[in-house]
Amino acid sequence: MVIKVYIATSSGSTSIKKQQQDVMGFLAANKIEYEECDIAANEANRKWMRENVPEESRPATGNPLPPQIFNEEKYCGNYEAFFDAREDNAVYAFLGLTAPPGSKEAEAQAKKAQQ
């Protein structure tokens with residue numbers, strides 16, 4: 001299972017660049033394998049991302065903007081959803097992965113299971 005982060009390497013938006021760096025930095029720091037899929041340099045990536053972001057997750061106008069996160073073909077969410085999952089110590093669940101033993105998320109899941 002590969003986490004795919006759809007990004008735009010040549011985005012003019014500072015906020016999009018920061019969000020992309022935030023997502024990829026977090027994944028790298030937590031040794032979560034991921035693949036960057038550039039939608040600026042690769043038309044096939046752009047088309048695939050736009051077609052596979054679910055209707056309810058699309059903006060009211062325009063196209064979905066990067067970063068968009070997938071686990072293989074399964075849509076995980078956009079930056080806001082990732083950020084919320086990180087705040088809740090639920091990134092592994094958000095990504096559809098098993099939290100490693102000893103992680104804050106695994107400990108939180110164990111506490112919930114005991115209650």
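Begin by selecting P67, which sits in the loop between α2 (43–52) and β3 (68–71); bear in mind throughout that the model on the screen is a predicted one. Show the backbone of P67 together with that of P66, and look at the bond that joins the two prolines: this is a cis peptide bond, with an omega of about -5°.

Next, move to K31, whose place is in the loop between α1 (14–29) and β2 (34–38). Although K31 is not a glycine, its phi is positive, at about 55°, and with a relative accessible area of 75% the residue is exposed.

A further stop of this kind is N89, to be found in the loop between α3 (79–87) and α4 (91–95).

Now select the cysteines C37 and C76 and display their sulfur atoms. How many disulfides does the structure hold? The number is zero: C37 is in no disulfide, and the nearest cysteine sulfur, that of C76, is 12 Å away. C76 is likewise in no disulfide. A pair of sulfur atoms would have to be within 2.5 Å to count as a disulfide.

Followed from the N terminus, the elements run β-α-β-α-β-β-α-α-α.

Zooming out, the C-alpha atoms fill a box of roughly 45 × 30 × 25 Å along the principal axes. The chain has a radius of gyration of 15 Å, which agrees with the value near 13 Å that a compact globule of 115 residues would have. Among the contacts with a separation of 6 or more, 54% are made by residues 24 or more positions apart.

The accessible surface of the chain comes to about 7000 Å², and 49% of it belongs to carbon and sulfur atoms, while 37% of the 115 residues count as buried. If you colour the charged residues, you can look for 13 positive and 17 negative charges, whose mean positions are 3 Å apart.

Note on methods: Residues are numbered from 1 along each chain as its sequence is written. This is a predicted model: local features need pLDDT of at least 70, side-chain atom pairs count only at pLDDT 80 or more; totals for chains, interfaces and linings use all residues. Side-chain values use heavy atoms; hydrogens and water are left out. Helices (H or I, at least four residues) and strands (E, at least two) are DSSP runs, numbered from the N terminus. The radius of gyration is taken over C-alpha atoms; the globule rule is 2.2 Å times the number of residues to the power 0.38. Buried means under 20% relative accessible area, exposed over 50%, partly exposed in between (1.4 Å probe, protein chains only). Contact means heavy atoms within 4.5 Å. Accessible areas come from the Shrake-Rupley method with a 1.4 Å probe; for residues, only the protein chains shown count as cover. Lys and Arg count as positive and Asp and Glu as negative; His and the chain ends are not counted. The place of a charge is taken as NZ of Lys, CZ of Arg, CG of Asp or CD of Glu.
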